[in-house]
Amino acid sequence: MLLLLAAACVVAFVLLLYMVSPLISPKPLKLPGAHVVVTGGSSGIGKCVAIECYKQGAFITLIARNESKLLQTKKEIEKYSVNDKQVVLCISVDVSKDYGHVENVLKQAQEKLGPVDMLINCAGTSVTGKFEDLEVSCFERLMAVNYLGSVYASHAIIATMKERRMGRIVFVSSQAGQVGLFGYTAYSPTKFALRGLAEALQMEVKPYNIYVTVAYPPDTDTPGFAEEIKTKPLETKLISEASSVCQAEQVARVIVKDAIQGNFNSFMGSDGYMLSILTSGMSPVTAITEGLQQVVCMGIFRIIGLFYLGSFDSIVRRCMIQREKSESTDKTK
């Protein structure tokens, strides 16, 4: 009898949370007529995100380095127009080089298309390899592109968003920004840094009705990923076999949906859900139910995570032993 009563109380509590949750969640952003800026928008996830927003009636500013790719992407995006008023503006600039230049081009974009309603920071690059094999310049370059590029663009538009008391800022991180893996010593820290920036920034701008989203896409079928595969160490390739490769269009739909809703975490699939729970820490939540899931699932997911880590360590050890045997054989010849 007491057990049934306890179960009934738990069910009632959960139902209450579901009823109260929408009351504390942010009001969804309406994309029709909104001005969406996408950095790294000429290919990959950035391009697909721009298409997804354009399909929903947004005005788009694409920012990337390669002008010819930008113009080609502009033509592709314009095929999805839902009305005659929509505009796709292209700006060729390296967001990681000069903050003053980034600030100026975003000011120009806002003069043409209005204040930025949503900024999606997709510009990024990746280099894989063993720590000692990577040049120090690789660490500097990745931090400039993946982290400072997002800082510059976000800093350039945040004052206007605060004045208007509305907006969305998205940082596209990676599952490698949730767990450090073999071969990603240059890449992972830049993506972990975005999480810290997002948490601190969200606390600053939440009173102004501005919401920050951090997206953690898994391996995604993009031109950048195709290049990354070429330099992956054997250990990294074997570890990556545990997860499937997602399509960029699928990833883009999830990112845009979560950004519209104002969700702090954006993830894909069962692995993404587990990692979002395991790495939740002190990250903000936009729904009581989200916090409840983190509390309930943390323990069991930690156990599962330990099995994953054990498997990864085993892969690294086996590769090391095989390599040492091969080197020993070569010396005896």
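Serine 276 sits in helix α10, which covers residues 269–278. Helices here are DSSP runs of H or I with at least four residues, strands are runs of E with at least two, and both are numbered from the N terminus. The structure is a predicted model, in which local features need pLDDT of at least 70, side-chain atom pairs count only at pLDDT 80 or more, and totals for chains, interfaces and linings use all residues. Residues are numbered from 1 along each chain as its sequence is written, and side-chain values use heavy atoms, with hydrogens and water left out.

Stay with serine 276. Its relative accessible area is 6%, so the residue is buried. Buried means under 20% relative accessible area, exposed means over 50%, and partly exposed lies in between (1.4 Å probe, protein chains only). A polar atom of the serine 276 side chain lies 2.7 Å from the backbone oxygen of tyrosine 273.

Next, the salt bridges. There are six of them in the structure. The term means a side-chain nitrogen of Lys or Arg within 4 Å of a carboxyl oxygen of Asp or Glu. Take glutamate 76 and lysine 47: their closest N and O atoms are 2.6 Å apart. Glutamate 76 belongs to helix α3 and lysine 47 to helix α2 (residues 44–55), so this pair ties together parts that are 29 residues apart in sequence. Glutamate 76 is partly exposed, at 24% relative accessibility.

Another salt bridge joins arginine 164 to aspartate 117, with 3.1 Å between the closest N and O atoms. Arginine 164 lies in helix α5, while aspartate 117 lies in the loop between α4 (99–113) and β4; the pair therefore ties together parts 47 residues apart in sequence. The two partners have their own accessibility values. Arginine 164 is partly exposed at 32%. Aspartate 117 is buried, with a relative accessible area of 8%.

A further salt bridge lies within one helix. Glutamate 199 and arginine 195 both belong to α6 (residues 188–205), where they are four residues apart, about one turn of the helix. Their closest N and O atoms are 2.5 Å apart. Glutamate 199 counts as partly exposed at 23% relative accessibility, and arginine 195 counts as buried at 14%.

Now the loops. Leucine 134 is placed between β4 (118–121) and α5 (136–164). With a relative accessible area of 13%, leucine 134 is buried. Leucine 134 and glycine 183 are 49 residues apart in sequence, yet their C-alpha atoms are 9.7 Å apart in space.

Two loop residues have positive phi without being glycine. Arginine 165, in the loop between α5 and β5 (167–172), has a phi near 55 degrees. Asparagine 209, in the loop between α6 and β6 (210–215), has a phi of about 65 degrees. Asparagine 209 is partly exposed, with a relative accessible area of 36%.

Finally, the surface. Arg65, Lys69, Lys97 and Arg141 gather there in a patch of positive charge. A patch is made of residues with over 30% relative accessible area and no salt bridge; like charges are joined within 9 Å, and nonpolar side chains (Val, Leu, Ile, Met, Phe, Trp, Tyr) within 5 Å. Each charge is placed at NZ of Lys, CZ of Arg, CG of Asp or CD of Glu. Arginine 65 lies in the loop between β2 (59–64) and α3 (67–78), and its 64% relative accessibility makes it exposed.

Note on methods:
Areas by Shrake-Rupley, 256 points an atom, 1.4 Å probe, with all protein chains shown as cover. Lys, Arg positive; Asp, Glu negative; His and termini not counted. Polar contact = N/O pair within 3.5 Å; in protein donor to acceptor, adjacent residues only side chain to side chain.
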